[in-house]
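I am opening this notebook to record what I looked up in one structure, going from the overall layout to single residues.

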Amino acid sequence: MPSVSPSITTMIRMDHTHVMAAFHRYHADSPWWRKRAIVELACTALEIHAQLEEEIFYPALGEALPGDDTLAKSKPEHDKMREDIAKLRAMGPDDAAYDARFMQLMREVIHHVADEETVLLPTAERALASRLSELGARMTKRRMQLVGQKQPAAIAANTMGTFPLASLALVSLGALAIAHCLKPAAPRRTKHYA
Ligand SMILES: [Fe+2]
Ligand SMILES: [Fe+2]
C-alpha cells in the first residue's frame, strides 16, 4: 500500500524556506524585543531541523552513500551552528554585536542549506527514492515530539509572544498537508458500480 506521507526531502526544503522567511523579517532598526523574538524563533527552528536531519535523514543517506564528503561535513557544521546559537542567546539584543552575530549565523546557515539543496537532497532523491515517504513520516512524528519539548522554553524566551514557535515549526506540516490535498490526484483505485 503506497504511503501518503510527503517525502523527507520536501519537508527539509520547506524547513529551510521557513527559516529564511524568519531571517528576512529581521531588521537592524527593529525594536529589541522583536529582534529577540525572531532570533529565538529561527534558532529553535534550526535546532529542531538539525536534530531531525541527524536522527533520520543523515543516517539513511549515510547507509546509501558511505563516505560521502558533503554528508561527512554536515554534522560538524550543525555543531558549529549550535555553538553560534548559544553565543547569540547569551547576548542581549541591545548588544552592539547582536546584529552582526545573527548575520554571521545566517551566513553559515545559507552555505549549509545550499550544500544540502544542491548536493544532498538531489542525491537522496536518487539513492533513497523508495524510502522518501517513509522517512518523511518518521520525521513528522519526531518533529511533533521535539516541538512539544521546545515550546515551553521558546515561549518563555519570547516574552511578547509575537512569534510562537509552533507557527514556524508546524507551519511546514500545515503547508504540506494543504499541498498534499491540492496535488493532482494520484492514480487511485476507484470502485465502479455497474
Ligand atoms: Fe543540515
Ligand atoms: Fe537542512
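**Layout of the chain**

I first listed the elements from the N terminus on, and they run α-α-α-α-α-α-α. The total is seven helices and zero strands, where helices (H or I, at least four residues) and strands (E, at least two) are DSSP runs numbered from the N terminus. I note that this is a predicted model, in which local features need pLDDT of at least 70 and side-chain atom pairs count only at pLDDT 80 or more, while totals for chains, interfaces and linings use all residues. Residues are numbered from 1 along each chain as its sequence is written, and chains are lettered from A and ligands numbered from 1 in the order in which they are written.

I then looked up burial, and 31% of the 194 residues of the chain count as buried. A residue is buried if 20 or more other C-beta atoms lie within 10 Å of its own, exposed if 12 or fewer, and partly exposed in between, with C-beta atoms placed from the backbone. For contacts, meaning C-beta atoms placed from the backbone that lie within 7 Å, I considered residues at least 6 apart in sequence, and 77% of those contacts join residues at least 24 apart.

**The core**

I looked next for a nonpolar core, which is a set of buried Ala, Val, Leu, Ile, Met, Phe, Trp, Tyr and Cys residues joined through C-beta atoms within 7 Å. The largest has 35 residues, and those with the most contacts inside it include Ile 8, Phe 57 and Leu 135. Two or more residues come from each of α1 (8-24), α2 (32-64), α3 (69-89), α4 (98-127) and α5 (132-157), and α2 gives the most, with 15 residues.

Why does Ile 8 count as buried? I found that Ile 8, which lies in helix α1, is buried because it has 28 C-beta neighbours inside 10 Å. Beyond four places in sequence, Ile 8 touches Ile 56, Phe 57, Leu 132, Leu 135, Gly 136 and Met 139. I also noted that Ile 8 and Leu 121 are 113 residues apart in sequence but 9.2 Å apart in space, C-alpha to C-alpha. With neighbours within four places left aside, Leu 135 is in contact with Ile 8, Ile 56, Phe 57, Ala 60 and Leu 128.

**Leu 146**

I turned to helix α5 for Leu 146, which counts as partly exposed because it has 17 C-beta neighbours inside 10 Å. Outside four places in sequence, Leu 146 is in contact with Ile 48 and Gln 51. Leu 146 and Gln 51 are 95 residues apart in sequence and 8.9 Å apart in space, C-alpha to C-alpha.

**Helix spans and bends**

The expected span of a helix is 1.5 Å times one less than its number of residues. I checked α2, whose 33 residues reach 45 Å from first C-alpha to last, close to the 48 Å expected. A kink of about 45° in α2 is centred on Glu 54, the bend at a residue being the angle between axes fitted to the seven residues ending there and the seven starting there.

For α3, the 21 residues reach 31 Å, close to the 30 Å expected. I found a bend of about 25° in α3 at Lys 75, and a proline, Pro 76, follows within four residues. The buried residues of α3 are Leu 71, Ser 74, Ile 85 and Leu 88, and they pack against α2 and α4.

Conventions: Two residues are in contact if their C-beta atoms, placed from the backbone, lie within 7 Å.
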